[in-house]
Amino acid sequence: MNPFERIIKRHQTLPKVDLAQERTIAYSRSTTRRLMELIDANAHGNVHGGVIMRMVDEAAAIVAIKHCQSPNVVTARVERFDFLAPAFIGDVVSVNCEMRYVGRTSMEVGVEVTAEDLITGEVRRIASSYVIYVAVDENRKPTPVPPLVPADEEEKATIDRARIRRMHRQRIDQELRQAESGTFA
């Protein structure tokens with residue numbers, strides 16, 4: 001059996017997800033780490049932004065997949081991606097991700113990226129991002145996901161901030177649609 005057939009077979013009979021089973025932020029939190037090598041960098045020794053972006057998408061997808069207990073999630077939007085400092089060949093880049101908000105079918109994952117110099121021990125914050133995923137069914141149509149509930153006051157504040165971000169995104173999207181259609185007031 002080739003590896004692709006094995007993947008297809010493994011995901012053909014996914015367990016039914018209990019949508020009443022609430023999840024906390026801590027439930028799906030994840031960190032991915034990788035040593036930056038020559039192939040990851042430009043001629044100056046800086047790691048390419050695209051390498052960091054790919055790591056972020058892959059790491060954040062782990063959080064979305066774990067939250068909804070399904071491999072069927074798609075990246076719908078990278079809400080923002082801020083590069084704050086460079087990473088270099090020989091640094092260990094860590095991508096720390098956690099669920100921030102869950103709608104009916106969508107999930108916002110917050111991401112913080114750090115680079116560690118293994119010789120000096122210096123850890124630098126190099127990037128941050130919000131990545132939005134949508135869970136999809138076998139027909140690639142959006143499908144419901146379990147709700148996100150706070151485990152404590154800190155998680156409640158995180159979810160509340162994400163809810164505000166979502167409302168701002170929706171308002172901006174609506175204004176842009178109105179401007180494009182010429183109905184902007």
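Colleague: Is Arg34 buried, exposed or partly exposed, and what is its relative accessible area?

Modeller: Arg34 is partly exposed, because its relative accessible area is 33%; buried means under 20%, exposed over 50%, and partly exposed in between, with a 1.4 Å probe and protein chains only. This is a predicted model, in which local features need pLDDT of at least 70 and side-chain atom pairs count only at pLDDT 80 or more, while totals for chains, interfaces and linings use all residues. Residues are numbered from 1 along each chain as its sequence is written, and side-chain values use heavy atoms, with hydrogens and water left out.

Colleague: Which residue does Arg34 meet in a salt bridge?

Modeller: Side chains of opposite charge can pair when their charged atoms come close. A salt bridge here is a side-chain nitrogen of Lys or Arg within 4 Å of a carboxyl oxygen of Asp or Glu. The side chain of Arg34 meets that of Asp40, at 3.1 Å from N to O, and Asp40 is buried, with a relative accessible area of 5%.

Colleague: How many salt bridges does the structure hold?

Modeller: The structure holds 16 salt bridges, among them one between Glu98 and Arg100, again at 3.1 Å from N to O, where both residues are buried. In another, the closest N and O atoms of Arg124 and Glu122 are 3.8 Å apart; Arg124 counts as buried at 15% relative accessibility, whereas Glu122 is partly exposed at 41%. Salt bridges that share partners also join Arg77, Glu79, Glu108, Arg165, Arg169 and Asp173 into one network.

Colleague: Which residues lie nearest the centre of the second largest pocket?

Modeller: Rolling a probe the size of a water molecule over the atoms shows where empty space is left. On a 1 Å grid over the protein atoms alone, a pocket is an open set of points where a 1.4 Å probe fits, with protein on both sides within 12 Å along at least five of seven lines, and lining residues have an atom within 4 Å of a point. The second largest pocket is lined by 13 residues, of which Arg77, Ser106, Ile132, Arg166 and Arg169 lie nearest its centre.

Colleague: Which element gives the most to the lining of the second largest pocket?

Modeller: Helix 4 gives the most, with 5 residues, where helices are DSSP runs of H or I with at least four residues, numbered from the N terminus.

How values were computed:
Helix = DSSP H or I, 4+ residues; strand = E, 2+ residues; numbered from the N terminus.
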